[in-house]
Amino acid sequence: MESGFLTFILVSSFTVSSSHTDTPDEVLVAREDEPTTLICADKTVRGAVAINWMQKLSGADEWKLVLSANERTELSGGASKASMRWTDPNFRDTGVFSLFFLPKMKDGGFYSCLIKQQERKVKERIILLVIFKVTVVPAAPILQLSTLALIASVNPDSAVAKITWEAPGGISMKSERKPNTGTVAKLPLLQISDGGAYVCLVHPQGDSSRAPFPFNVDVTVDADNVASFTNITHAPLISTATQAHTSFTLTCPAVQGDYVLLHWQPPDARKRTNMKLVYQYDRWRGSTLLTEQSKKLQLAGPPYNAEAGSFSFLLTPGWKDGGLYACDVFLNSVAFSQRTRLSVLKVKATYSSSKLQLGCLYSELSQVQSAKWTYQNKSHQLHSETSGLGSISTSLPLPITSDTAGNYTCTLQLKNGQTVQATQAVTLPHEESVSVTTPSQLPSLSALLLLVVPLVAAAVCVLLWRQKHISDRSIEQSLSVHSGEAENIYENPEDIRQAPPEGSVYMDLKPRGEDDVYEELERCERCQS
């Protein structure tokens, strides 16, 4: 009898499984290992009923029996778990067929509650169960200055649109979704004030207007103890040099970190004092700590991305901004350090009454092998002298000539063989050049008169001298002709006066009377004689 009943249940289950769909009537997000109830009820059903709870886990292709019951017998299927049970033992009388259990992460997926009466399907309810899990790193109590990591994961992951985090007070936190890990939110350099209740909000796929599922996570910060970073990976020291006032990249460790600290020790320090913090950036909080030295620093752009945890700095140094730089990148409880010893080179020109002095300044002398001046004409030897620690100069007599003008280069060589150069251009004294082909400005009125009047007078004198040797009749004809020409040339001077060309000078040379003209002509003739 029992074997016959078992056969009936299994066959019934197989028949039911073929009719299931993957469109849920409800999406439920439950926390791992916490009491969870899958609701299924129909209070209109009484008496002889058959109930089947089926399960299709995330990634599975088939439905499996969890629990089954009819008016006489209850049966646990192969997918049943020790914690699974009916929420109401009298479900036959109450019509409440809900399922209770303590789910694990692997239990996420579809669940079906099928109610049948007299072999007829009365009701089926499909529930998509999403299992939620939170991991807090490090474990409580959390030391001050450590990095708090809140990691939320779900199964199935495809059932969730997004996961967000809120700090105490409802403040939104930066979070990142990482494959095979979950959604991560971090708080580096944890303070006592960071303790409290954090909220993780799980937003299911589908209706965006639906309220997310909230889950509280309590964080306790140790008020007495501070974290220390003993796990530090040091990269080889970088020894390099650059010109003053040019952009230089300070390299940081090539890891995706949570925050970065940049420390600096001034150049040529007699005592190896503690390094000064000059820049701090926390990509999770989006906070930056700046100092006076930070004015010459900025986070580097592509191929670096500080918001994603890829750090480096751009430094625009002055001569005194060389020295030792330490870039420390922190990831969880591990630190990575990259140190750079930097020399900065600067050239300048100083004039005195008799000479031009070219100075070459450089810093962080401990790594410098040599410094020297050279001229663009290699055959020209320069005399250089040391004018103090980190300074070398050469002098040029004044005035500057074509033999001394040109480019002068200061070359700094480090002990590792690396070199850096800075060039000072020396030019000839400024001389005014005069061009005979291109006038620089319009002549003044007086200069124009001095030029035009003698030329006109001379032309008239030559004309009269020629006319003196011609017959009276010819003179009259000639005078008539030339007078006509003169009339043609100087006709209507009033028109010219009314609209003079811009920048021009108008001169009315038309004779005022015969006596005046001939007196002037006779005077010119005497001058010619």
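Q: What should I know about the model before reading it?
A: Residues are numbered from 1 along each chain as its sequence is written, and side-chain values use heavy atoms, with hydrogens and water left out. The model is predicted, so local features need pLDDT of at least 70 and side-chain atom pairs count only at pLDDT 80 or more, while totals for chains, interfaces and linings use all residues.

Q: How many disulfides are there by this rule?
A: A disulfide is a pair of cysteine sulfur atoms within 2.5 Å. Here the count comes to 3 disulfides, and with the bonded cysteines numbered in sequence order the pairing is 1-2, 3-4, 5-6.

Q: Which parts does the pair of cysteine 40 and cysteine 113 tie together?
A: Strands are DSSP runs (E, at least two residues), numbered from the N terminus. The sulfur atoms of cysteine 40 and cysteine 113 are 1.9 Å apart. Because cysteine 40 lies in the loop between β2 and β3 (50-57) and cysteine 113 in strand β8 (residues 109-117), the pair joins parts that are 73 residues apart in sequence.

Q: Is cysteine 113 buried or exposed?
A: Buried means under 20% relative accessible area, exposed over 50%, partly exposed in between (1.4 Å probe, protein chains only). Cysteine 113, at 0% relative accessibility, is buried, and cysteine 40, at 1%, is buried too.

Q: What is the order of the open sheet of 3 strands?
A: Two strands pair if DSSP finds at least two bridges between them. The order is β2-β7-β6, with antiparallel pairing. The edge strands are β2 (36-38) and β6 (85-86), each pairing on one side only.

Terms used: Helices (H or I, at least four residues) and strands (E, at least two) are DSSP runs, numbered from the N terminus.
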